[in-house]
Amino acid sequence: RGEGGSLLTSLGDRADAILLVHVPADRETVQVISIMRDLWVPIPGHGDAKVNAALAYGGVPLMVQVVESLIGQRIDDVAIVDFAGFAALTDAVGGVTVQNEVAFSVDDVRFAQGSITLTGADALPYVRERYAFADGDYQRVRNQQDYLRGLLSAMLQPAILASPWSIAGLVDAMAPHLAATDGLTAQAAVELAAELGA
């Protein structure tokens, strides 16, 4: 949610999406686990609360501690992408194609069932909506994962990976909207994507 800069000072007080991403050393696959933001968990020093409240109570360090405790694994790097980042990245790759499971509308934007291509303006309402679905957050999480699959697929197109200008464009689009630990700069994230496409 922040506008870049320090992870500790530039964030809002809640996380809209919490995704745990594992990239094995062989770069053959990527595993993504969504953590429901309304999941009730113990938060050290604060009792039981929704997992996304950890960000408000203690910033990124407490959020990481809570998630590590929840999954029983150490988290190496953290990246936060603000809302405008979804639009910028979507436009930078020329749109993101998703396999939309459930037709729905948000305000005056309609998302048909089936294969659709999201523009930057469409990306945020697509990944944020939950009230349009009978199962709320569950479908929102599926939509977020579908968006990430589509974004990664778009970033890994040979035409993008083979072009230094396209890669530079992705870095430029991502950098203003990304706050991350030292090991995960916008450049490093794009380089990781290129490794996955190799």
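How do the axes of helix α2 and helix α6 cross, and within what distance do they come? The axes of α2 (residues 83–92) and α6 (residues 164–174) cross at roughly 165 degrees and come within 9 Å.

## What you're looking at

This is a predicted model, where local features need pLDDT of at least 70 and side-chain atom pairs count only at pLDDT 80 or more, while totals for chains, interfaces and linings use all residues. Residues are numbered from 1 along each chain as its sequence is written, and side-chain values use heavy atoms, with hydrogens and water left out.

The chain has 7 helices and 10 strands; these are DSSP runs, H or I over at least four residues for helices and E over at least two for strands, numbered from the N terminus. Of its 198 residues, 41% count as buried. Buried means under 20% relative accessible area, exposed is over 50%, and partly exposed sits in between (1.4 Å probe, protein chains only). The accessible surface comes to about 10400 Å², and carbon and sulfur atoms hold 54% of that; the areas come from the Shrake-Rupley method with a 1.4 Å probe, and for residues only the protein chains shown count as cover.

Now for contacts, meaning heavy atoms within 4.5 Å. Take those between residues at least 6 apart in sequence: 50% of them join residues at least 24 apart.

## α2 against α6

Back to the opening pair. An axis here is a line fitted to C-alpha atoms, for helices over the stretch in contact, and angles run from 0 to 180 degrees between N-to-C directions. With the axes crossing at roughly 165 degrees, α2 is roughly antiparallel to α6. On this scale, angles under 35 degrees are roughly parallel, over 145 roughly antiparallel, 65 to 115 roughly perpendicular, and the rest oblique.

On the α2 side you'll find A88, L89 and A92, which meet L170, A173 and M174 of α6. The residues of this contact split into 6 nonpolar, no polar and no charged. Ala, Val, Leu, Ile, Met, Phe, Trp, Tyr, Cys and Pro count as nonpolar, Asp, Glu, Lys and Arg as charged, and the others, Gly among them, as polar.

## α3 and its neighbours

Helix α3 covers residues 120–128, and G120, D122, A123, P125, Y126 and V127 are buried there. Those buried residues pack against α2, α4 (137–155) and the strands β6 (96–100), β7 (104–106), β8 (109–111) and β9 (114–118).

Look at α2 and α3 together: their axes come within 7 Å and cross at roughly 130 degrees, so the two are oblique to each other. α2 passes α3 in a right-handed crossing. From α2, F83, F86, A87, T90 and D91 meet G120, A123, L124, V127 and R128 of α3. That contact divides into 6 nonpolar, 2 polar and 2 charged residues.

The α3 and α4 axes also come within 7 Å, crossing at roughly 140 degrees. Here A123, Y126, V127 and R128 of α3 meet R140, N143, Q144, D146 and Y147 of α4. The tally for this contact is 4 nonpolar, 2 polar and 3 charged.

Start with F83, which is in helix α2 and counts as partly exposed at 26% relative accessibility. F83 and R128 are 45 residues apart in sequence, yet 9.5 Å apart in space, C-alpha to C-alpha.

V78 sits in the loop between α1 (53–71) and β5 (79–81). V78 is buried, at 17% relative accessible area.

Finally, D107 is in the loop between β7 and β8. Phi of D107 is near 55 degrees, a positive value in a residue other than glycine. D107 counts as exposed, at 79% relative accessibility.

How values were computed. Left-handed = near helix turned anticlockwise from the far one by under 90°.
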